[in-house]
Amino acid sequence: MFDAIAALLSKSFLEDTSIIRVSIENNPRYSLSNMYVIEDKSAGTGVLGCLRITPFDVCSRGRKIPVAGIAAVAVKPEARRRGIADTLMEDALRKMYEMDFPVSMLFPFKHRFYKKYGYAYVGSLKLYDLAPADITPFPERSYVRAFTKSDRNRVKRMLEQEMQTHGTFTPLRNDSFWDLVVFPKFKDAYVYDDGEAKGYLAFELYKEPAATPGAFSEPILNIKELVGLDAAAHRGLWGFVAALGEQVSRVRFLGPEDYPLHLFLKEPREKEYRRLFFEYKSLSTVAPGFMLRVINVRDALSRLRRNIDSPADIVIKVNDGSLPQNSRPLNIHLHHGETVVDETRQPVQFESDIEVFSQVYSGFLKPSDAVRYGFASGESSALHELDELFGAPSPFIYQFDIF
């Protein structure tokens with residue numbers, strides 16, 4: 001079975017079989033027991049398709065939430081267009097509900113495929129491509145020093161603290177994940193330390209092929225992870241990057257949609273800068289980020305917290321064709337930071353399908369905007385409280401945590 005799964009994944013994702021085997025055998029987040037397969041025993045053709053349910057915890061709104069990550073969805077080429085992937089996904093939804101996962105997440109090969117199972121696009125990121133000369137060389141850069149092994153526990157604590165404040169469905173890392181996956185990739189890493197370690201930066205240097213044969217190709221700095229616990233740390237780390245202008249030609253940073261990078265620039269300039277009649281144009285694209293689906297609506301709602309003195313009750317209904325047990329009116333009772341969710345027959349104040357609700361729950365979409373643009377229905381009297389209840393920083397997964 002192990003060899004058949006490795007061979008299937010190798011063919012589907014164009015990865016060497018030996019690498020696939022190592023990733024399964026030595027992965028701190030999952031094992032072979034997390035794989036589910038469809039076999040054709042009668043014809044003797046073996047494993048036709050597979051799927052992995054990876055359990056891990058995320059930090060969202062300052063709380064730890066268990067999540068089921070869907071990955072390694074693959075079907076043999078000769079078995080495609082026979083509904084095998086559909087069967088795998090439908091069965092996975094039922095299993096995740098029975099396993100008491102409130103939420104599921106995945107990185108899709110095509111968003112449209114997973115939308116029909118209720119998964120919604122929430123992983124909107126921004127890829128910045130900058131010249132180092134356009135970044136402000138803040139004086140706090142003098143407190144940036146090289147990362148050493150003795151900094152490992154400090155870095156772990158810094159990320160945990162950052163997640164508690166700004167994490168929204170950001171995967172938590174156990175010690176094994178740090179040691180086996182993250183730290184081996186800290187080849188170029190630096191720490192902001194002004195007497196106390198308050199931030200760190202990890203990046204990689206690489207060269208892109210030259211535009212013309214024989215042309216010189218300068219290194220590009222790709223920021224893999226940047227964490228700052230206060231303003232000085234952010235200024236120091238960006239000032240340090242600016243100071244590398246003699247060594248690198250470009251800086252690339254994949255960051256949360258709401259990260260205010262413009263504050264750290266002295267010149268907001270496009271990569272191929274053009275200025276026509278004082279009109280500035282920036283090319284914007286929507287990248288295929290990660291997707292999220294609420295598996296158990298009642299459980300997911302009960303994990304929300306909002307500190308209010310006066311009790312509030314809001315009735316919502318989520319229509320879920322794949323998991324009809326979610327499709328029932330629920331009353332959300334909020335008081336003194338506690339949330340109680342019960343079935344009710346009271347009039348519904350907000351209603352949507354599971355895909356839109358998953359975007360709302362993640363903090364990616366305001367309930368008021370869902371209603372405004374016609375993707376949900378709701379009473380105006382309840383929308384302000386719902387916006388506050390579901391409000392959160394942009395959902396974000398660090399590059400090292402992509403599963």
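Trainee: What handedness does the crossing have where α5 passes α6?
Mentor: Right-handed: that's how α5 passes α6. Keep in mind that this is a predicted model.

Trainee: At what angle do the axes of α5 and α6 cross, and within what distance do they come?
Mentor: Helix α5 covers residues 152-166 and helix α6 covers residues 175-182; their axes cross at roughly 115° and come within 12 Å. That angle makes α5 roughly perpendicular to α6.

Trainee: Which residues in α5 and α6 meet?
Mentor: From α5 you've got Arg152, Val155, Lys156 and Leu159. They meet Asp175, Trp178 and Asp179 in α6.

Trainee: Which residues of α1 and α2 make the contact?
Mentor: On the α1 side, Phe2, Asp3, Ala6, Ala7, Leu9 and Ser10. On the α2 side, Thr17, Ile20, Arg21, Ile24 and Glu25. Sorted by type, the residues of this α1 contact with α2 come out as 6 nonpolar, 2 polar and 3 charged.

Trainee: How far is Thr17 from Ala242 in space?
Mentor: C-alpha to C-alpha, Thr17 and Ala242 are 41 Å apart, and 225 residues separate the two in sequence.

Trainee: Where does Ala242 sit, and is Ala242 buried or exposed?
Mentor: Ala242 is in helix α7, residues 231-242. Its relative accessible area is 13%, so Ala242 falls under the 20% cut-off and counts as buried.

Trainee: What does Ala242 touch?
Mentor: Skipping residues up to four places away in sequence, Ala242 touches Pro132, Ile135, Thr136 and Pro137.

Trainee: New topic: how many residues are in the largest nonpolar core, and which have the most contacts inside it?
Mentor: That core has 40 residues. Those with the most contacts inside it are Met105, Leu301, Ile316, Phe357, Tyr361 and Phe390.

Trainee: Let's take Ile316. What is Ile316 in contact with?
Mentor: Leaving out neighbours within four places in sequence, Ile316 contacts Leu301, Arg328, Pro329, Leu330, Ile332, Val348, Phe350, Phe357 and Leu386.

Definitions and conventions: Residues numbered from 1 in each chain as written. Predicted model: local features only at pLDDT ≥ 70, side-chain atom pairs only at ≥ 80, totals over all residues. Heavy atoms only, no water. Contact = heavy atoms within 4.5 Å. Helix = DSSP H or I, 4+ residues; strand = E, 2+ residues; numbered from the N terminus. Nonpolar A, V, L, I, M, F, W, Y, C, P; charged D, E, K, R; others polar. Buried < 20%, exposed > 50% of the residue type's maximum accessible area, 1.4 Å probe, protein only. Core = buried A, V, L, I, M, F, W, Y, C linked by side-chain atoms within 4.5 Å. Axes fitted to C-alpha atoms, helices over the stretch in contact; angles between N-to-C directions. Parallel < 35°, antiparallel > 145°, perpendicular 65-115°, else oblique. Left-handed = near helix turned anticlockwise from the far one by under 90°.
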